[in-house]
Amino acid sequence: MDKEEYQSYLVKYASQIEHFRQSAHDLHQSVNQTYAGILPYGFHLDMVVEGVRNYGYLVCVREEDVLPLFFAAYYHDSIEDARLTYNDVLRLARNEMTEEQALMATEIVYALTNDKGRTRAERAGEKYYQGIRETPYAPFVKLCDRLANITYSCTGEGNKGTRMKEVYKGEMPHFLPAINPHSDDPRFAVPVEVVEALAEILIEEVDKEEIQRQWGEL
């Protein structure tokens, strides 16, 4: 799908996308979840969706997939952090989209939900990344999630942002290969344009050529 066509669908479905936004914001607000301990969680959701807006044309293969992409981006933390179950998400998605679209969106959300674990490494182990690699559009939404987190960590304020910046830097050599399924199907793509955006943000923290090399070896 070219960029112009994708942008036309964003206009066409603007009201539904805005409804996803408001309902997801309300959901996370209802459980008092914040971002970086100081911001409404909707701040993070909007940043993730900004990545989907800017780069979604690189992976989206048909009009019917636009709404599932945006729903999944807004609800990607709803099981992990907002106390919803898989069936809760599916029910919400069915109220907004066709059955096929609802299942696609819910599978992305489920794939991006961390496993049970005592540590960050246990919660995002090989089984977790395998689920991302096997789910259409999950690698892309996960990449937009990481882009949002790194953008905030490298430009935001506060000790938590600084700490997470170091965490993300350390994870980069593993993260990019872990989400790439080596598929020719665009729905599973890890677009170089998004990887380059990550490199630009981290340019003072991590050698840009090293980030690009990691992508090139995926």
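How do the residues lining the second largest pocket divide into nonpolar, polar and charged? The legend to Figure 3 has the answer. The model in these views is predicted, so local features need pLDDT of at least 70 and side-chain atom pairs count only at pLDDT 80 or more, while totals for chains, interfaces and linings use all residues. Residues are numbered from 1 along each chain as its sequence is written, and side-chain values use heavy atoms, with hydrogens and water left out.

**Figure 1. Helix H1 meets helix H2.** Helices (H or I, at least four residues) and strands (E, at least two) are DSSP runs, numbered from the N terminus. H1 (residues 3-12) packs against H2 (residues 14-30) at an angle of about 70°, and their axes are 5 Å apart. H1 is therefore roughly perpendicular to H2 (angles under 35 degrees count as roughly parallel, over 145 as roughly antiparallel, 65 to 115 as roughly perpendicular and the rest as oblique). Axes are lines fitted to C-alpha atoms, for helices over the stretch in contact, and angles run from 0 to 180 degrees between N-to-C directions. Look for Leu 10, Val 11 and Lys 12 of H1, in contact with Ala 14, Gln 16 and Ile 17 of H2; contact means heavy atoms within 4.5 Å.

**Figure 2. Here is the largest pocket.** Its volume is about 750 Å³. On a 1 Å grid over the protein atoms alone, a pocket is an open set of points where a 1.4 Å probe fits, with protein on both sides within 12 Å along at least five of seven lines; lining residues have an atom within 4 Å of a point. Grid points are joined across faces, edges and corners, and a volume is the space filled by probe spheres set on the points. Of the 33 lining residues, Glu 80, Arg 120, Asn 149, Met 164 and Tyr 168 are the closest to the centre. Helix H11 gives the largest share of the lining, nine residues.

**Figure 3. Now for the second largest pocket.** Its volume is about 230 Å³. Among the residues lining this pocket are Ile 79, Glu 107, Asn 114 and Tyr 128. Helix H7 (99-111) and H9 are the elements that each give two or more residues to this lining. And the opening question? The lining has four nonpolar, four polar and three charged residues (Ala, Val, Leu, Ile, Met, Phe, Trp, Tyr, Cys and Pro count as nonpolar, Asp, Glu, Lys and Arg as charged, and the others, Gly among them, as polar).

**Figure 4. A salt bridge joins Asp 46 and Arg 21.** Their side chains meet at 3.1 Å, N to O; a salt bridge is a side-chain nitrogen of Lys or Arg within 4 Å of a carboxyl oxygen of Asp or Glu. Asp 46 lies in helix H3 and Arg 21 in helix H2, so this pair ties together parts 25 residues apart in sequence. The structure holds 10 salt bridges.

**Figure 5. Ala 124 sits in the loop between H8 and H9.** Leaving out residues up to four places away in sequence, Ala 124 touches Asn 114 and Tyr 129. The C-alpha atoms of Ala 124 and Asn 114 are 5.8 Å apart.

**Figure 6. Ala 36 and Arg 83 are two loop residues.** Phi of Ala 36 is near 60°, and phi of Arg 83 is near 70°. Most residues other than glycine have a negative phi.
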